[in-house]
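Subject: Structure for you to look at

Hello,

Here is the structure I said I would pass on. Please have it open while you read the notes below.

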Amino acid sequence: RYLKTGNQPVAVVNFQLIYSRDSAITSATPPQECFTEALSHLRAGNAAGAASTCSSALKEYPGDANLLWLGAKANLVLRKFDDSKRLLDEAVRLHPDFAVAHDVVGDLLFAQGFVGAAVKAYEQALRLDPTSSSPLA
């Protein structure tokens, strides 16, 4: 299972994000730490905390694929569909080959009752990564 940082694939092991070591990021709080914190919030049932963490981190790391999809997922849980869609549109625009983003697009469409469109998004995610499973499973 792979996620992305910039143009570099990263592995998810036991559903924990691992960024590649050759990242050029020099911030005091690297995006992978922000992602890990947000993911912990979401897994603990604190979708608002996850959304807030992603929102803050995206100010410093706009376009980070992992923060975009996780922020979208947190907003989806909060039923803030417009915010979720905005983040997903950006994720897909910047990273069109990122299967996880398409998977979350499917989740959003399904939650809004657009089952046919959701199936198409899930199919796209599987085309991009046939070994894909939910990153939150």
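A residue is called buried if its relative accessible area is under 20%, and exposed if that area is over 50%. By that rule, buried residues make up 44% of the 137 residues in the protein. Please keep in mind that this is a predicted model.

Overall layout

The protein contains six helices and three strands. Along the sequence they follow the pattern β-β-β-α-α-α-α-α-α. Among contacts with a separation of 6 or more, 52% are between residues 24 or more positions apart. The accessible surface is about 7300 Å², and 54% of that belongs to carbon and sulfur atoms.

The core

The largest nonpolar core has 29 residues. The members that touch the most others are Phe 35, Leu 42, Leu 67, Trp 69, Leu 70, Phe 98 and Val 104. Two or more residues of this core come from each of helix 1 (31–43), helix 2 (47–60), helix 3 (65–77), helix 4 (81–94) and helix 5 (99–111). Which helix gives the most? Helix 3 does, with eight residues. As for Val 104, if residues up to four places away in sequence are not counted, it touches Trp 69, Ala 72, Lys 73 and Leu 88.

The buried residues of helix 2 are Ala 47, Gly 49, Ala 50, Ala 51, Thr 53, Cys 54, Ala 57 and Leu 58. What covers them includes helix 1, helix 3 and helix 4.

Helix 2 packs with helix 3 at an angle of about 145°, and their axes are 8 Å apart. The crossing is left-handed. On the helix 2 side, the residues that meet helix 3 are Ala 47, Ala 50, Ala 51, Cys 54, Ala 57 and Leu 58. On the helix 3 side they are Leu 67, Leu 68, Leu 70, Gly 71, Ala 74, Asn 75 and Val 77.

Ala 47 is in helix 2. Its relative accessible area is 5%, so it counts as buried. Leaving aside neighbours within four places in sequence, Ala 47 is in contact with His 41, Leu 42, Ala 74, Val 77 and Leu 78. Ala 47 and Leu 76 are 29 residues apart in sequence, while their C-alpha atoms are 8.8 Å apart in space.

Asp 107 is in helix 5. Is Asp 107 buried or exposed? Its relative accessibility is 16%, and therefore it counts as buried. Again leaving aside neighbours within four places in sequence, Asp 107 is in contact with Lys 73, Leu 76 and Tyr 122.

Arg 79 lies in the loop between helix 3 and helix 4. With a relative accessible area of 57%, Arg 79 is exposed. Its backbone is worth a look too. Most residues other than glycine have a negative phi. Arg 79 is not a glycine, yet its phi is positive, at about 65°.

Regards

Definitions and conventions
Residues are numbered from 1 along each chain as its sequence is written. This is a predicted model: local features need pLDDT of at least 70, side-chain atom pairs count only at pLDDT 80 or more; totals for chains, interfaces and linings use all residues. Side-chain values use heavy atoms; hydrogens and water are left out. A nonpolar core is a set of buried Ala, Val, Leu, Ile, Met, Phe, Trp, Tyr and Cys residues joined through side-chain atoms within 4.5 Å. Buried means under 20% relative accessible area, exposed over 50%, partly exposed in between (1.4 Å probe, protein chains only). Helices (H or I, at least four residues) and strands (E, at least two) are DSSP runs, numbered from the N terminus. Contact means heavy atoms within 4.5 Å. Accessible areas come from the Shrake-Rupley method with a 1.4 Å probe; for residues, only the protein chains shown count as cover. Axes are lines fitted to C-alpha atoms, for helices over the stretch in contact, and angles run from 0 to 180 degrees between N-to-C directions. A crossing is left-handed if the near helix is turned anticlockwise from the far one by less than a right angle, and right-handed if clockwise.
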